Amino acid sequence: MTVLSLAVRDLHPGYFAFVMATGIVSTGARLLGPSWLSLALLTAACAGLVVLSAALTVRVIRFRSAVAADVRNPECAFGFFTITAGLDMLGVRFAMGGHPVVTAVLSGLAAAVWLLLTYGVPADVLLARTRDSVLGGVNGSWLLWIVATQSLSLVAAILEPVWPSQSSLLAPFAVGLWSVGLVLYLLVVTLIVLHWLTAPMTPATLGPPYFILMGATAISVLAGARVLSLPPGIPVVRATAGFIEGFTFTLWAFGTWWVPLLIILGVWRHARRHWPLSYEPTLWSVVFPLGMYSVGTLTFGEEAHLEFMAPLARVMFWVSVASWLLVAAAFGVRFARHVQQPETTAATSPRRRGAC
């Protein structure tokens with residue numbers, strides 16, 4: 001089996017987090033940074049989507065058993081929701097560039113993937129499991145379910161002003177999915193905290209996906225802000241605006257509260273327990289929350305007239321850019337090493353050993 005075939009076979013289910021992270025940082029650059037940076041990141045996100053889509057297609061065709069194993073593994077399965085979120089993050093950026101038709105196409109594909117995954121993954125994890133409890137497989141990647149759901153709410157709210165004739169469909173869709181995402185967040189966070197309190201905390205299990213604890217609140221804040229910007233005369237908006245605004249601020253505050261704790265856990269993992277700082281695909285799940293926090297904070301601050309949020313959003317934007325560059329550099333080092341020593345790198349890959 002060639003090195004390329006091995007890479008496709010062992011493709012991480014959550015690798016579309018690269019598209020998510022790059023797309024939202026590009027959006028942040030469109031709002032707060034230089035336009036050339038936004039265009040460069042948009043190009044990288046589009047290229048990543050094409051390459052990853054091709055690799056996933058080949059993997060589904062040639063390595064169906066490996067894909068099925070990931071779907072049935074609660075530690076891996078929810079990573080597939082990065083496909084929906086990645087498509088939607090690109091759609092958001094294209095909408096800001098004045099290309100709503102591209103956004104509609106991407107969000108339509110995202111909705112189809114979400115519909116398949118939102119029922120298929122939980123059903124498969126629950127009904128096809130080989131152990132008595134799935135709590136042992138709960139991790140931060142489960143929150144990608146919420147991220148994908150809120151990303152669809154976000155694009156529906158963005159597209160409503162473009163096609164106001166469809167507001168009777170898009171507005172309830174945006175509000176309804178925002179509400180579903182909120183309830184799912186409360187449920188999944190409860191499961192994660194229960195897992196933390198009942199299972200040993202190890203450096204291996206405390207990985208980058210736990211940053212999605214913040215990322216899920218951040219995209220809920222952005223989606224909530226865009227829902228609040230819809231015309232107040234729409235019945236579903238008028239009926240829920242007060243609740244959405246109050247809970248959006250609550251989610252923003254809770255997401256902000258997570259930041260110091262996640263930093264403490266990261267220091268414990270790497271400084272105290274000496275977990276190596278090296279590239280892994282899930283590191284893009286750290287970049288995404290930082291970029292989303294910046295864009296969500298800026299947008300909600302403007303919508304709710306909270307002036308203190310704008311400076312914080314600017315600081316977090318540059319933090320997200322720095323983190324994107326660091327992870328991209330780490331990927332470059334890993335890729336160069338893989339080219340130079342393909343057999344050694346493939347043999348020691350965590351995915352080769354069946355881990356997520």
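Buried means under 20% relative accessible area, exposed means over 50%, and partly exposed lies in between, with a 1.4 Å probe and protein chains only. By that scale His274 is exposed, at 63% relative accessibility.

This is a predicted model: local features need pLDDT of at least 70, side-chain atom pairs count only at pLDDT 80 or more, and totals for chains, interfaces and linings use all residues. Residues are numbered from 1 along each chain as its sequence is written, and side-chain values use heavy atoms, without hydrogens or water.

His274 sits in the loop between helix 10 (235–272) and helix 11 (284–304). Helices here are DSSP runs (H or I, at least four residues), numbered from the N terminus. Most residues other than glycine have a negative phi. His274 is not a glycine, yet its phi is positive, about 60 degrees.

His305 also has a positive phi of about 60 degrees, and is not a glycine. His305 lies in the loop between helix 11 and helix 12 (309–340). At 70% relative accessible area, His305 is exposed.

Now helix 5 (residues 82–96). Of its 15 residues, 13 are buried, so the rest of the structure largely encloses helix 5. The expected span is 1.5 Å times one less than the number of residues. For helix 5 that gives 21 Å, and the end C-alpha atoms are 21 Å apart, which agrees. Just after helix 5, Gly98 takes a positive phi of about 85 degrees.

Helix 6 (residues 100–127) contains Val101. Val101 is exposed, with a relative accessible area of 54%.

Technical notes
Helices (H or I, at least four residues) and strands (E, at least two) are DSSP runs, numbered from the N terminus.
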